[in-house]
Amino acid sequence: MSTAMRKEYRKAQKVMHPNSRKSIAIAKRAKKILNRQKMKTHGFIKQNLVAERMMWIREHMVPDVCPYTPELTARLLEAYVARNDEEMEQINIKRSVGGKRIRQHASREDVIRMTKERDLQEYNTCGIEIPDILDEQYCTALKKWSGELNYLPYFKFRRFGKKHLQEVLQKMEKQSKEDIKKDVQSEISEKPENPSEEIRPEDNSLSESVDSTEDNVPARSSMNLE
């Protein structure tokens, strides 16, 4: 029990009318303190869940790839959704070997099943919230992260879903095709439209050399006659 709650309970120990102003004020303050403690506990649990997810993502990332591509991100999240499949198989094997109808690991089996259903639903709809590993800055920060909760506010979180990643991948492919098309068009525009124009000066030089040789032939013949 917190110190603030103890003070409020000590005040309430005095004999008071239940509908008096003081008793109502004490009840309001106690309720406010309880709600504040619930919010802190909920926030701490959420931080731990996010930290566990980030640690799993960091441990299963390709070491030499940064930033991540949409295709690799989709594979990583699909592997994250199926992370407990091996444990579920082991539970089923133990149950089949023993020949017992009683579910010995019923609680753990239910937790795994519910967790996978929730993660799969998030991945197929709104997306799973992880750091933005498509950005080089946050991808590098995640790989260097040591697991401390104090550094979570420095990350940029983003929801990645199956449909969203497919749309991003299609946009990137379309953009790459457009870039290739622009490069080809620029190369074609740089080439001369009529290649015969470049050969004309050479033809003129050749004709001039032929004319000069024809002019020199009669001169040489006249000299021989003399």
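Mentor: Happy to; we'll go through the aromatic rings, a helix and a pocket.
Mentor: Keep in mind that this is a predicted model.

Trainee: Got it. How many aromatic pairs does a search of the whole structure find?

Mentor: The search turns up 4 aromatic pairs. One of them joins Trp 56 and Tyr 80, with 5.4 Å from centre to centre and 70° between the planes, an edge-to-face pair.

Trainee: Where do Trp 56 and Tyr 80 sit in the chain?

Mentor: Trp 56 belongs to helix α2 (residues 21–59) and Tyr 80 to helix α3 (residues 70–81). They are 24 residues apart, and the pair links distant parts of the chain.

Trainee: Is Tyr 80 buried or exposed?

Mentor: Tyr 80 is buried, because its relative accessibility is 6% and the cut-off for buried is under 20%. Trp 56 counts as buried too, at 17%.

Trainee: And what about Tyr 151 and Tyr 154, how do their rings pair?

Mentor: Their centres are 6.1 Å apart with the planes at 45°, so that pair is tilted. Tyr 151 is partly exposed at 43% relative accessible area, while Tyr 154 is exposed at 64% relative accessibility.

Trainee: Which residues form an aromatic cluster?

Mentor: Trp 145, Phe 155 and Phe 157 make up one cluster.

Trainee: Nice. Switching to α2: how does its span compare with what 39 residues should give?

Mentor: It agrees: at 1.5 Å a residue, α2 should span 57 Å, and its end C-alpha atoms are 57 Å apart.

Trainee: Last topic, the largest pocket. How much space lies in it?

Mentor: About 390 Å³. Its lining has 13 residues, and those nearest the centre are Leu 49, Val 50, Arg 53, Tyr 80 and Arg 118.

Trainee: What is the lining like by class?

Mentor: There are 8 charged, 4 nonpolar and 1 polar residues in the lining of the largest pocket.

Definitions and conventions
Residues numbered from 1 in each chain as written. Predicted model: local features only at pLDDT ≥ 70, side-chain atom pairs only at ≥ 80, totals over all residues. Heavy atoms only, no water. Phe/Tyr/Trp six-rings, centres within 6.5 Å; stacked < 30°, edge-to-face > 60°. Helix = DSSP H or I, 4+ residues; strand = E, 2+ residues; numbered from the N terminus. Buried < 20%, exposed > 50% of the residue type's maximum accessible area, 1.4 Å probe, protein only. Expected span 1.5 Å × (residues − 1). 1 Å grid on protein atoms, 1.4 Å probe; cavity = no way out; pocket = protein on both sides within 12 Å on 5 of 7 lines; lining within 4 Å. Points joined across faces, edges and corners; volume = space filled by probe spheres on them. Nonpolar A, V, L, I, M, F, W, Y, C, P; charged D, E, K, R; others polar.
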